[in-house]
Amino acid sequence: MSDINRQLVLRERPHAEVQDSHFELREGEVPTISDGQVLLRTLYFSFDPTQRGWLNDVPSYMPPVQIGEPMRAGGVAQVVESRHPRFRAGDIVSGTLSWQDYIVVGEQGISGLSRVPKGVPLTWPLGVLGITGLTAYFGMLELGRPVEGETVVVSGAAGATGSVAGQIARLKGARVIGSAGGPEKCRWLTEVAGFDAAIDYRNENTFERLHALCRNSINVFYDNVGGQILDDCLLNMAQFGRIVLCGGISSGYGLDLPPGPKHYMQLVIRSCRMEGFIVLNYLDRFPEAIEALAGWVRAGEIRFEEDLQEGLENCPSTLRRLFEGRNFGKQLLKVADPPIAVS
Ligand SMILES: NC(=O)c1ccc[n+]([C@@H]2O[C@H](COP(=O)([O-])OP(=O)(O)OC[C@H]3O[C@@H](n4cnc5c(N)ncnc54)[C@H](OP(=O)(O)O)[C@@H]3O)[C@@H](O)[C@H]2O)c1
């Protein structure tokens, strides 16, 4: 066990995109624990677009990260010392951590930690069996509700959430069209993930391709992107269609949010429903969803990619990758090699 704890703390709030200079690398001693606490050693971090929102000093579904605090992040860690009956040294857990090598979790945070089951690859609880997989599951099945023969469009389709959402719709018998940036991601969608068609929004005219593929016949639009593609899909919805507002990453999640969609009156004309959600609304149903997702993954019915960066110091640039479209699949970063020998 290293005797230094490195932390990346928020130095300054970004206005637009995240820069390395918004964070400061500090070094200190590994913290000690008291009764009721556990000491964790970080193994992997998850990178999620919502983290950009946590840097804005505005009310949201979670409190903003404060200046001087280590950046909040989902992660997988190993228990190096435990003074809490629920965990033992050596256990591997997933939960909300922060950008540092070691973290002390007390009574309050312990309820949010889950033991990673034996046999499950350590990164899966951060992606396909974690927040992004769960978001796809509940967003598609509870809000989108595709049925056999319907047409489903997914934006951000090659990403961690979009790729799973589209494949769930395919498993329900829908015809699935995804939009993604670049030929490589589009090829993956049709050749690996089983999408019926892919639109390369960086190199093709999205509106024209939507018209050609699904003019006025989109039953479900699962939107991760917002902005122009939301308007393009609004103009091509079928009667009684559903628009699932999962995210709006094209806004960059900075302080300057774009105005709403221009063509929202299509919701009235075509009797459509547009609804947003936060995956945490379904917390009590996570076990059921994880079981279903794990079954599909084991059966080879859901395919996914992981994009693994390395090194705690690279956390800010890794977060940026999501907004630059540089990640191919679930964005992760390895901090330490698992498992670590526990003394
Ligand atoms: N509602 C919830 O509870 C919830 C929970 C988790 C995630 N989400 C949302 O789900 C979405 C996907 O998140 P994720 O974690 O799975 O990330 P991800 O899709 O794996 O990665 C983000 C992707 O967004 C795309 N992107 C970035 N900037 C863009 C732009 N200006 N226009 C179009 N596409 C852009 C990029 O793909 P391309 O190469 O295709 O551009 C990038 O790879 C996000 O909107 C996120 O906020 C919502």
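This is a predicted model: local features need pLDDT of at least 70, side-chain atom pairs count only at pLDDT 80 or more; totals for chains, interfaces and linings use all residues.

Student: Understood. How many helices and strands does the protein have?

Tutor: There are ten helices and 15 strands.

Student: And what are the dimensions of the box that the C-alpha atoms fill?

Tutor: Along the principal axes, the box is roughly 60 × 45 × 35 Å.

Student: What share of the residues is buried?

Tutor: Buried residues account for 43% of the 343. As for contacts with a separation of 6 or more, 68% of them join residues 24 or more positions apart.

Student: Which domains is the protein divided into?

Tutor: Domain 1 covers 4-125 + 305-334, and domain 2 covers 131-282 + 290-296. Taken over C-alpha atoms, their centres are separated by 28 Å.

Student: How many residues does each domain put into the contact?

Tutor: Domain 1 supplies 16 residues and domain 2 supplies twelve. On the domain 1 side, the residues touching domain 2 are six nonpolar, six polar and four charged.

Student: Now the ligand. Which residues come nearest to the ligand?

Tutor: Of the 29 residues around the ligand, G159, T161, G181, G247 and G325 come nearest. The elements giving two or more residues to this shell are α3, α4 (160-171) and α10 (315-324).

Student: What classes do the shell residues fall into?

Tutor: The shell divides into 13 nonpolar, 14 polar and two charged residues. Domain 1 and domain 2 each contribute at least three residues to the shell around the ligand.

Student: Next, backbone angles. What is phi of R145, and where does R145 sit?

Tutor: Phi of R145 is near 45°, a positive value in a residue other than glycine. R145 is placed in the loop between α3 and β8 (151-155). R145 counts as partly exposed because 14 other C-beta atoms lie within 10 Å.

Student: And Y253: is that residue buried or exposed?

Tutor: Y253 is buried, as 23 other C-beta atoms lie within 10 Å and the threshold for burial is 20 or more. Its phi is near 55°, again a positive value in a residue other than glycine. Y253 belongs to the loop between β12 (237-245) and α8 (266-269).

Student: Some other loops, please. What does I33 touch?

Tutor: Not counting residues up to four places away in sequence, I33 touches V38, L39, E81, R83 and V104. I33 and E81 are 48 residues apart along the chain, with 8.1 Å between their C-alpha atoms. The loop holding I33 runs between β2 (23-29) and β3 (38-46). With 17 C-beta neighbours inside 10 Å, I33 counts as partly exposed.

Student: Where is P117, and why does P117 count as it does for exposure?

Tutor: P117 lies in the loop between β7 (114-115) and α3. P117 is exposed because it has 12 other C-beta atoms within 10 Å, and the limit for exposure is 12 or fewer.

Student: Lastly, how far apart are E313 and Y44?

Tutor: E313 and Y44 are 269 residues apart in sequence and 13 Å apart in space, C-alpha to C-alpha. E313 is found in the loop between β14 (306-310) and α10. E313 counts as partly exposed, with 13 C-beta neighbours inside 10 Å.

Methods:
Residues are numbered from 1 along each chain as its sequence is written. A residue is near a molecule or strand if its C-beta atom, placed from the backbone, lies within 6 Å of it. Helices (H or I, at least four residues) and strands (E, at least two) are DSSP runs, numbered from the N terminus. Ala, Val, Leu, Ile, Met, Phe, Trp, Tyr, Cys and Pro count as nonpolar, Asp, Glu, Lys and Arg as charged, and the others, Gly among them, as polar. Domain bounds come from an automatic or database domain assignment. Two residues are in contact if their C-beta atoms, placed from the backbone, lie within 7 Å.
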